[in-house]
Amino acid sequence: MPVYNFKSMHPVPTAPELIDIVLIRTQRRTPTVIHPGYKIQRIRAFYMRKIKFTQQTISERLGQILLDFPRLNDIHPFYADLCNTLYDRDHYKLALGQINTARSLVDAIARDMIRMVKYGDSLYRCKCLKRAALGRMCTVLKRQKSSLAYLEEVRKHMSRLPALDPNTRTLLMCGLPNVGKSSFMNKITRGNVDVQPYAFTTKSLFVGHCDYKYLRWQVIDTPGILDHSLEERNTIEMQAIIALAHLSCSVLYFVDISEQCGYTIEQQCSLFRSIKPLFANKQLIVVVNKIDQQPWETLENEKKSMVQALAEDTNCSLMTMSNVSEQGVSEVKIAACDKLLASRVDARIAGKKIDGIMNRLQVFQPTPRDDVKREPFIPESVKRAREEGVVNKSQRSRVGYAETVEDENGGDDDDDVAMVSASVRRSTRDLMWENGGPGVWAPDYREQYDLENDEWKFDAIPEIFDGKNIADYVDPDILKRLEALEQEEEQIVSELEAAQMNEDPESDLDEEEEAAVNAIRERKKIIKARKLATQTQNKPMAPLAIRGKSGTLEADEIKKRMDTLGVDSSKMLERGRATERSERERKRARSLSRQLEKKIDDKEMEVEDDESPKKRAKKETPAAAKRKEISQALSHTKPQDLAKMGIKDKETIEKVKKLEQQGRRAWFGAAGEGDNRKSVHLVRWMNTGKKRNGTHYCR
């Protein structure tokens, strides 16, 4: 029988959670839109599908619960009695029975309501029947609230039960509390059971594993058992009783002869006699523990005779040990394993399966064919070598090998030297250790090549490309020739640079044409700069009410409108005329100044055609310099002076730009090109569920 894996059981939802699961799944998995104008057959099928789907979902969930929990009649008696002790068999079966009944009721409700929906004559009646069906199903689930909660607690506890195999090789320890059972388990297994100097530290079964004779053994530590009747024992003690009653194992009954556990030897012997029927058909060993505190030899004869009487009555072994000094621990383990192993072998031989195996086995014993004695044959060469003393033992290198008995008894230290000079062929292992060991020396496999001529074994293997040998096309002097070619190229380049240092680039234009071209280019740059200086995108937009109309109003029209409103407009018109006169004068003065500056610039351009830009900058007129400054002030890309910006050097400028970028990142929520953050643009409750295009209507 396999080990029961209770950890794979699915969680059991509560009644409200189960209702939510069922209804949400029905809403998600079935159509949600229906209209009264549809055919009645389509409307009936729509609501019948919802009822049927809800019934199937509930049946699946409840069926999974029934399938996960084990049936007490089908599992091993050990687990059946353990569940009865821990969870109460009647309560357990009653909860599962109620879940099964609820599943049957849901199926019956769905069957009846579907039959009624088939005769629905309108969408409203079909919908009412669907609501009634789902409501009755949910009511059935609400009534299972206590059963579902109980089964969830049982599942949690069962998932923490130890993974016991009732049929494997098992060592079981029992006895009164605090006699050394858990300490012995920690000694022989890799388990880590809590050990404390008070009673009932172990409150449940603990399982560990150990190895003996290449076999895996299961070791079980049980809680302590008190000496009283079975009806008075609690749940903790009953776990040990159940394990003793149902497991085929080797039992170790621990006796504390130092009486430090709080119980006398008489009480321990009395407990042994009370649970003696549980030791039937089991391999029993009485373990006398804590001999480091009270040696077995110095124990009182009366107490010693009481302990020995236990072993004699049950015809079992009596062994002594101490967990502190570890004296006798391994001997107790070996004795218990050997006794259980022998009993299991005897049980298999006594069974019926052994007959089928023995019938297929045949044992033959050879008999001599004649009376001639055939002694071992030794070659004559070996006999002569032994007589001469040349070959007294096998000559093999011991480099890289562990020491043997011969080495400890004074073996020949010159064996390796003799090995080299001997005619015995050395193995690859010997060569490896003589040349540095593994990872340093590797055998040369070219010695094993089978070629026509042995002299070809260590030749370089040619590289073939497109059926041709690459070595035939390799020039051995290629590097020298490449170096000479590079030197020649460098010399030619240096000569060309020296020849072109004092020469201007060739041009098809004469001097006058080149001067005119340069002047045109400079003039285009100036025009472009002025255009950029005056251009701006911050111009006000005209409102729609007056867009396309004239931009100004006549004085007569203004006076007429103001008079209709009862406002005196004489002062306003006078102020407008004064503003208009001043604006005309300002524009006229600006145009005259621009014409004068243009004439001056043209004259300076004709004079300074052959001058460098630096000289032209020095001779720049004050008016032009002022105009340039104004245009730079209007420009968005004005090259500001570091001193005016309050920054001392360019490194500080870079630092300021970096800090500005970090600040903007905080403003905009770090939503740049390289940012993978996706902000939530949709509200969850507005965009869940199924929807059709152009409507949020759901039924």
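Modeller: Let's start with a term: a salt bridge here is a side-chain nitrogen of Lys or Arg within 4 Å of a carboxyl oxygen of Asp or Glu. Keep in mind that we are looking at a predicted model.

Biologist: Okay, how many salt bridges does a search of the whole structure find?

Modeller: The general idea is that side chains of opposite charge can pair when their charged atoms come close. Searching the whole structure turns up 15 salt bridges. Take K213 and D338, whose side chains meet with an N to O distance of 3.6 Å. This pair links distant parts of the chain, 125 residues apart: K213 sits in the loop between β2 and β3, and D338 in helix α11. D338 counts as partly exposed, at 29% relative accessibility.

Biologist: Which residue forms a salt bridge with K303?

Modeller: That's E259, with the closest N and O atoms 3.3 Å apart. Here too, distant parts of the chain are linked: K303 belongs to helix α10 (residues 301-314), while E259 is in the loop between β4 and α9, 44 residues away. K303 is buried, because its relative accessible area is 18% and the cut-off for buried is under 20%. E259 is partly exposed at 26%.

Biologist: And where are D563 and K559?

Modeller: Both are in helix α19 (residues 555-564). In general, an α-helix has 3.6 residues a turn, so residues three or four places apart point the same way. D563 and K559 are 4 residues apart, which means they are separated by about one helical turn. Their closest N and O atoms are 3.2 Å apart, in a salt bridge. D563 is partly exposed at 42% relative accessibility, and K559 is partly exposed at 41%.

Biologist: Let's do helix packing. Which residues of helix α7 are buried?

Modeller: In α7 (residues 181-188), the buried ones are K181, S182, F184, M185 and I188. They cover an arc of only 160 degrees around the axis, so they lie on the same side of α7. Their cover includes strands β1 (170-174), β2 (206-212), β3 (215-221) and β4 (250-256), plus helix α11 (329-350).

Biologist: Which residues touch the most other members of the largest nonpolar core?

Modeller: As a rule, nonpolar side chains tend to be buried together in soluble globular proteins. The largest core in this model has 109 residues, and those touching the most other members are I51, F69, F78, F184, L252, Y253 and F279. Helix α4 (residues 89-117) gives the most to this core, with 11 residues. I51, leaving aside residues up to four places away in sequence, touches partners including A110, M113, I114, V117, L129 and M137.

Biologist: Which residues form a nonpolar patch on the surface?

Modeller: Y449, L451, W456 and I461 do, with about 420 Å² of accessible area together. I461 lies in the loop between α16 (428-434) and β7 (464-465). With a relative accessible area of 68%, I461 is exposed.

Definitions and conventions
Residues numbered from 1 in each chain as written. Predicted model: local features only at pLDDT ≥ 70, side-chain atom pairs only at ≥ 80, totals over all residues. Heavy atoms only, no water. Buried < 20%, exposed > 50% of the residue type's maximum accessible area, 1.4 Å probe, protein only. Helix = DSSP H or I, 4+ residues; strand = E, 2+ residues; numbered from the N terminus. Arc of directions from axis to C-beta. Contact = heavy atoms within 4.5 Å. Patch = residues over 30% accessible without salt bridge, like charges linked within 9 Å, V, L, I, M, F, W, Y side chains within 5 Å. Areas by Shrake-Rupley, 256 points an atom, 1.4 Å probe, with all protein chains shown as cover. Core = buried A, V, L, I, M, F, W, Y, C linked by side-chain atoms within 4.5 Å.
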